Amino acid sequence: MLEKIKNLLSQISSFNVSSADDLESFRLRFLSKKGMISVLFDDFRNVPAQEKKEIGMKLNELKQAAMDAYNRMKDQLQQSDDVKTENDLTRPANPFPSGSRHPISIVRKEIIDIFSRIGFTVSEGPEIEDDNHVFTKLNFAPEHPARDMQDTFYISRISPEDSNPGDILLRTHTSSVQVRVMENQKPPIRTISPGRVFRNEAISARAHCIFHQIEGLYIDENVSYADLRQTLLFFARELFGKETRIRLRPSYFPFTEPSAEMDVSCRICGGKGCNVCKYTGWLELLGCGMVHPNVLEACNIDSNKYTGFAFGMGIERAAMLKYQVNDLRLYFENDLRFLDQFKASF
Ligand code: DAH
């Protein structure tokens with residue numbers, strides 16, 4: 001009996017499987033009800049009582065060894081199956097989850113591209129600014145409400161009551177970059193300045209405390225309001241389509257005179273009136289005007305020799321008009337279900 005057990009043990013340890021059929025024949029041969037180990041267990045009844053203890057132990061060890069070998073070979077087969085399927089070049093490719101540009105980046109790039117084509121460079125300025133560049137040099141009166149704590153995030157204020165050109169704050173518009181460019185460059189100047197701006201606003205569908213703007217500035221001799229109008233018409237048609245019309249409504253900004261707000265004809269109804277344009281046929285896009293002589297002088301540019309125009313627009317606003325996304329918060333939440341929709345755009 002001991003001899004038989006030894007013999008089976010060596011058969012088990014030298015058994016090799018390379019397929020599921022081999023594994024099954026192992027099982028039938030050793031582990032099934034009629035297999036060799038079961039036969040030995042049947043024979044065990046005839047073993048003399050004094051040998052039962054030793055032989056019983058050996059038999060149990062044999063059974064355990066056969067089961068271990070079976071499980072080990074089964075795992076091996078499984079693994080080599082996995083390897084085979086991994087390397088199967090005929091299987092359909094896994095689609096990679098590809099990323100996409102954020103809609104704000106798409107529109108910012110598009111706007112920059114349009115102005116680059118007509119000779120505008122790109123300039124940037126700091127997000128943490130001083131009052132001088134954000135307000136004072138842009139002709140804001142000392143008591144102008146935009147300087148108020150309710151609108152502006154101050155980092156440090158020299159006097160808690162009064163605004164001061166040295167106060168440090170988060171810029172509330174990219175017009176501050178105009179000032180920095182004019183301080184550092186001589187005309188002719190033709191530049192646009194994209195960037196983040198910050199205002200102390202409660203977050204809602206229509207307002208956010210962080211958003212993006214693009215500022216435009218053109219200074220040279222004999223720059224006229226007609227140049228401003230023509231530049232903006234070109235821009236609007238490039239961004240929204242050849243049929244687009246614009247209109248300039250008189251407005252007020254401290255840093256431009258005259259000032260205007262520009263509307264574009266509604267793309268949805270073509271100007272006939274619909275619920276997107278609230279039945280006016282027009283959608284407001286940006287602020288603009290002729291640079292105020294006080295601003296030129298504050299930046300050491302001779303306002304008798306040079307004139308210029310400026311404009312500023314919200315990138316979220318332009319993206320809303322382009323994609324009809326009417327809730328600003330969507331641009332900041334980074335919900336993939338929203339962002340995935342812009343894949344095809346670039
Ligand atoms: N800075 C203005 C704002 O944030 C936008 C603006 C209006 C910029 C007129 C300009 C301009 O350069 O000429 O609302």
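**View 1. P188 and its cis bond, in a loop of the predicted model.** P188 sits in the loop that runs between α7 and β5 (189-198). This is a predicted model, so keep that in mind for every view here. The peptide bond joining P187 and P188 is cis, with omega at about 5 degrees. For background, most peptide bonds are trans.

**View 2. P258, a cis proline placed in a strand.** Here the cis bond runs from E257 to P258, and its omega is near -5 degrees. P258 itself belongs to strand β8, which covers residues 256-265.

View 3. Which residues come nearest to the ligand? Out of the 15 residues around it, the nearest are H173, S175, R199, Q213 and E215. Sorted by class, the shell is made up of 8 polar, 5 nonpolar and 2 charged residues. Four elements each bring at least two residues to this shell: α7 (175-184), β6 (210-220), β9 (282-291) and β10 (307-314).

**View 4. Side chains facing the ligand's oxygen atoms.** Start with R199: an N or O atom of its side chain lies 2.9 Å from an oxygen atom of the ligand. For Q213, the corresponding distance from a side-chain N or O atom to a ligand oxygen is 3.0 Å. Q178 has a side-chain N or O atom 3.2 Å from an oxygen atom of the ligand. How much of the ligand does the protein bury? On its own the ligand exposes 350 Å², and the protein buries 88% of that.

**View 5. H212 in strand β6, with H173 for reference.** You'll find H212 in strand β6. Is H212 buried or exposed? Its relative accessible area is 15%, so H212 is buried, given that the cut-off is under 20%. Between H212 and H173 there are 8.7 Å in space, C-alpha to C-alpha, and the two are 39 residues apart in sequence.

**View 6. S123 and its partner T191.** Look for S123 in the loop between β1 (121-122) and β2 (128-130). The side chains of S123 and T191 are joined by a polar contact of 2.6 Å. S123 counts as buried because its relative accessibility is 12% and the limit is under 20%.

View 7. Most residues other than glycine have a negative phi. N222, not a glycine, has a positive phi near 60 degrees. N222 lies in the loop between β6 and α8 (225-240). At 69% relative accessibility, which is over the 50% cut-off, N222 counts as exposed. Q324 isn't a glycine either, and its phi is positive at about 55 degrees. The loop holding Q324 is the one between α10 (315-323) and α11 (330-333). With 35% relative accessibility, Q324 counts as partly exposed.

**View 8. Stepping back to the whole protein.** Along its principal axes, the C-alpha trace spans about 125 × 50 × 40 Å. The radius of gyration is 39 Å, whereas a compact globule of 346 residues would have one near 20 Å. Of the 346 residues, 40% count as buried.

Notes: Residues numbered from 1 in each chain as written. Predicted model: local features only at pLDDT ≥ 70, side-chain atom pairs only at ≥ 80, totals over all residues. Heavy atoms only, no water. Near = heavy atom within 4 Å. Polar contact = N/O pair within 3.5 Å; in protein donor to acceptor, adjacent residues only side chain to side chain. Areas by Shrake-Rupley, 256 points an atom, 1.4 Å probe, with all protein chains shown as cover. Nonpolar A, V, L, I, M, F, W, Y, C, P; charged D, E, K, R; others polar. Rg over C-alpha atoms; globule rule 2.2 N^0.38 Å. Buried < 20%, exposed > 50% of the residue type's maximum accessible area, 1.4 Å probe, protein only.
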